Amino acid sequence: MNYEEIIAQKDAAIAQKDVEIQQQAARIEDLAHQIAQLQKIIFGPKTERFIPTGDPRQLNIFGELAGVSPDVDLPQEQNQSSKPAKRKSAQQGRQLLASCTHLPVEIRNVPVEHDESDIHLRDEISDRLAKRPGMLFIIRYIRPVYKKADSDTIVTAPAIEEPIAKCEADVSLLADVVVSKFVDHIPEYRQQQIYKRQGVVISSSTMNGWVHQLSPYMKLMSEYIKEQILQSSYIQQDESSIKVMDGKRKASHTGYMWVMGSTELKYVCFEYHKGRGREGPENNFKQYKGFLQTDAYEVYDIIDKMYPDVQHFHCWAHGRRKFIESMDNDKARSEFALNQIQKLYAIEQKCRDADSSYDERTIERQAAKPILDQFKDWLGKEALRVTPRSPIGKAMSYLVTRWQKFTKYTDHGIVEIDNNIIENAIRPLALGRKNYLFAGNHAAAITIGYYYTIFGTCKALGVNPYDYMMWFLTKAPSIKTSEIGKISPAEFKKSSEPAT
C-alpha cells in the first residue's frame with residue numbers, strides 16, 4: 001500500500017468519525033431537550049404563555065398542557081344491558097340507616113285513592129338518607145295501606161321510583177356522591193371520612209356500589225351524547241392516558257380516553273380504549289360526514305386514507321407548542337415563529353370580540369393568508385439551516401409536512417383555529433389525577449368515561465352538574481330507552497331557563 005492510499009484511508013476514517021460525532025452531538029442535544037421538557041413538566045409551571053420581545057401590546061396567546069386522566073377504583077361492571085337490572089336486595093341488613101338515628105326526619109306522606117269506608121290497616125314506612133347543602137337528614141316516606149270495606153282487596157300508595165331498587169340513599173345523596181367524585185375530584189374514602197364526622201358511617205363497598213349501580217343509566221346517556229356528536233357537522237378530537245389495573249398480570253396498564261366534542265351542540269364524549277391505536281378513530285368515523293379537527297398524531301392519518309367524506313384539520317395550539325418547547329434550543333427562530341402564530345390568533349380574538357358569525361369569520365380570516373404565505377416561505381428557508389433532529393428542526397417539520405391541514409381552517413368559519421375547547425374538556429381529568437391512582441379494571445375505566453361524558457357536557461352547556469344529576473336520577477327509572485334524549489343535559493337546560 002502506497003503513501004497516498006494510506007492517507008486516503010485515514011481521511012475516510014476521520015470523515016466517518018466526524019459523521020458519528022455529529023450524530024452523537026445531535027442525539028445528546030435531543031436527549032438534553034427531552035430532559036429539560038420533563039423537568040419543566042415535573043417542576044415548572046404548566047403554562048405555554050409566550051411574551052414576545054419587542055411590542056408589549058401584541059396579543060398574548062397561551063393554553064395549558066393537556067393532563068393525564070385520573071383513575072378511579074370502580075368494581076368490575078357486571079351488567080352491560082341497556083337498562084339497569086332491578087336488584088332484589090340492594091343493601092343486606094340495612095346497616096346504613098342504623099347509624100343515622102341522630103339525624104332529623106322529614107315526613108313525606110304518599111297519597112293513595114281510597115273510600116272513606118275503607119279500613120286503614122297500617123302504613124308502609126321507608127327511610128332514605130338524603131342530603132341538602134350543609135346537612136344530612138332522613139326522608140321518611142309513609143304509604144298508607146287500606147282494606148276495602150266490602151272485599152279483601154288491599155289498596156296501597158305506589159312505591160317511589162328509585163334509580164337503585166331498595167337503596168337506602170335518596171337521589172340527593174347519590175347525586176352528591178358522584179358529583180363530588182367526578183366533578184370535585186373527592187375520592188370515595190375522603191367522602192366517607194366527611195360523612196363519618198357527621199355521625200354517618202357509609203362503608204366503602206356501599207358507596208362504590210352506588211356509583212357502579214348507577215352506571216347503566218350513565219351509559220344510556222353517554223351513548224346518546226356520542227350519537228348526537230357524530231351527527232354534527234364539526235367535531236374536535238383528542239386523547240389522554242389513564243392507568244388501569246390489569247387483573248391478569250396484576251400490574252397497571254396504560255389505557256386511553258378518546259375525547260370528542262361538538263362546538264355546535266356543546267356536547268362532549270369520553271370513550272375508553274385499551275390502547276392508542278387506530279380502532280378509536282376508525283370505529284367512530286366510518287359513517288361520519290363533516291369536519292374533524294385533531295392534533296397530528298399519526299393514527300389520525302387513517303381518516304385521510306379511509307374516509308373521504310371527512311375533512312381533516314390540524315390544531316395550531318399543538319403546532320405552537322412545538323416552538324414553545326424549542327425556545328431553549330433556538331430562541332431567535334422560535335420567537336419569530338411564535339410571533340407569526342400570534343398574528344393568526346389576533347385575528348381570532350378580533351372575531352370573538354365582534355361575536356362574528358361563521359361567514360363573517362371566514363371573511364376576516366382572509367387577512368391570515370398573507371401571514372401564512374410569508375410564514376411558509378420563512379419555514380422553507382430556515383428548515384434548511386437547522387439540524388432536522390433538533391427541537392427547532394422538529395417544530396418546523398411538524399408544520400411544513402402538514403401545512404395544508406393547518407391552514408385550510410381559514411376557508412371554513414365553523415372550524416376553530418385550534419382544538420383547545422376539547423383540551424379544556426379533558427382538563428378535569430388532569431385536576432383529578434392527584435386524587436386517584438388507577439382504575440380497578442378496564443370495565444371500570446369504561447364506566448369512568450360515562451360519568452365524564454355527562455359532567456363534561458354539563459360543564460360545556462353551563463349546567464349545574466348536581467342540579468342536573470338530581471333531575472336525571474329522578475326521571476331516569478321511568479323513561480323509555482328510546483326517549484333518553486328527553487332527559488339530556490341540553491333538555492334540562494331548556495327546562496330550567498325562564499320562559500320568555
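Helices (H or I, at least four residues) and strands (E, at least two) are DSSP runs, numbered from the N terminus.

## Basis

This is a predicted model, in which local features need pLDDT of at least 70, side-chain atom pairs count only at pLDDT 80 or more, and totals for chains, interfaces and linings use all residues. Residues are numbered from 1 along each chain as its sequence is written, and side-chain values use heavy atoms, leaving out hydrogens and water.

## Glu-162

Glu-162 sits in the loop between β4 (154-156) and α2 (171-182). Its relative accessible area is 17%, so Glu-162 counts as buried (under 20%; exposed is over 50%, partly exposed in between; 1.4 Å probe, protein chains only). The side chains of Glu-162 and Arg-128 are joined by a polar contact of 2.4 Å. A polar contact is a pair of N or O atoms within 3.5 Å; within protein, one must be able to donate a hydrogen and the other to accept it, and residues adjacent in sequence count only if both atoms are side-chain atoms.

## Helices α2 and α16

Helix α2 packs against α16 (residues 465-475) at an angle of about 135°, with the axes 9 Å apart. Axes are lines fitted to C-alpha atoms, for helices over the stretch in contact, and angles run from 0 to 180 degrees between N-to-C directions. The pair α2 and α16 is therefore oblique, the class left after roughly parallel (under 35 degrees), roughly antiparallel (over 145) and roughly perpendicular (65 to 115).

Residues of α2 including Val-171, Leu-174 and Val-178 take part in the contact (heavy atoms within 4.5 Å) with α16. On the α16 side, the residues include Tyr-466, Met-469 and Leu-473.
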